[in-house]
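Dear colleague,

Please find below the structure that I am handing over to you. My findings follow it, grouped by topic.

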Amino acid sequence: MLQWGQMRTRIGLGALLGLLAITAPAPSTQHADPAMLRGACYCRAGGRLTCLGEFTRVACERRCAEDFCDDWFWLERRPCWNWGYGG
């Protein structure tokens, strides 16, 4: 049988570990796999710049190659923007 001092120590350690688990910071997306991040995929073809949607960088590169883009770029963690108002 545990003595009161040992039991109090174990309860205190358990409470401390529980508190640390609750207050631990959430995993950061800074260290997330870049291949899994999604963002806006822009393609310039025929003098027009269009946003193809929300893709990973690899999927954006593949889609732009299939669509014969003259130039393309990908902006991580950003939605598409239509570069103007009303359309």
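The side chains of Arg44 and Asp71 meet in a salt bridge, with 3.9 Å from N to O; the term requires a side-chain nitrogen of Lys or Arg within 4 Å of a carboxyl oxygen of Asp or Glu. This pair links distant parts of the chain, as Arg44 lies in strand S1 and Asp71 in strand S3, 27 residues apart. Helices (H or I, at least four residues) and strands (E, at least two) are DSSP runs, numbered from the N terminus. Arg44 is partly exposed, at a relative accessible area of 35%, and Asp71 is likewise partly exposed, at 37%. Here buried means under 20% relative accessible area, exposed means over 50%, and partly exposed covers what lies in between (1.4 Å probe, protein chains only).

Please note that the model is predicted: local features need pLDDT of at least 70, side-chain atom pairs count only at pLDDT 80 or more, and totals for chains, interfaces and linings use all residues. Residues are numbered from 1 along each chain as its sequence is written, and side-chain values use heavy atoms, with hydrogens and water left out.

The search of the whole structure finds four salt bridges. Another of them joins Arg38 to Glu54, whose closest N and O atoms are 3.7 Å apart. This pair also links distant parts of the chain, with Arg38 in strand S1 and Glu54 in strand S2, 16 residues apart. Arg38 has a relative accessible area of 42% and is partly exposed; Glu54, at 49%, counts as partly exposed. Asp67 forms a salt bridge with Arg63, with 3.1 Å between the closest N and O atoms. Asp67 is partly exposed at 34% relative accessibility, as is Arg63 at 31%.

**Overall architecture**

The chain has two helices and three strands, and from the N terminus on its elements run α-β-β-α-β. Of its 87 residues, 16% are buried. The accessible surface of the chain comes to about 7200 Å², and 60% of that surface belongs to carbon and sulfur atoms; accessible areas come from the Shrake-Rupley method with a 1.4 Å probe, and for residues only the protein chains shown count as cover. Among the contacts in the chain with a separation of 6 or more, 50% are between residues 24 or more positions apart, where contact means heavy atoms within 4.5 Å.

Strands S1 (residues 38–45) and S2 (residues 48–56) run antiparallel and are joined by seven bridges; two strands are taken to pair if DSSP finds at least two bridges between them. Within this arrangement, Cys43 has Thr50 of S2 as its bridge partner. The hairpin has two residues between the strands, and Gly46 takes a positive phi near 60 degrees.

Which residues of helix H2 (residues 57–66) are buried? They include Ala59, Cys60 and Cys64. Seen down the helix axis, the buried residues of H2 fall within an arc of 130 degrees, so they line one face of the helix; the arc is that of the directions from the helix axis to the C-beta atoms. What covers these buried residues includes S1, S2 and strand S3 (71–76). On the other side of H2, Ala65 and Glu66 are exposed.

Phe68 follows H2 and has a positive phi, near 55 degrees. Cys69 lies in the loop between H2 and S3 and counts as buried, at 16% relative accessibility. Leaving aside neighbours within four places in sequence, Cys69 is in contact with Cys43, Arg44, Ala45 and Cys64. The C-alpha atoms of Cys69 and Ala45 are separated by 4.9 Å, although the two are 24 residues apart along the chain.

**A nonpolar patch**

Trp4, Met7 and Ile11 make a nonpolar surface patch of about 350 Å². Patches are made of residues with over 30% relative accessible area and no salt bridge, like charges being joined within 9 Å and nonpolar side chains (Val, Leu, Ile, Met, Phe, Trp, Tyr) within 5 Å. Ile11 belongs to helix H1 (residues 4–23) and is exposed, with a relative accessible area of 55%.

With kind regards
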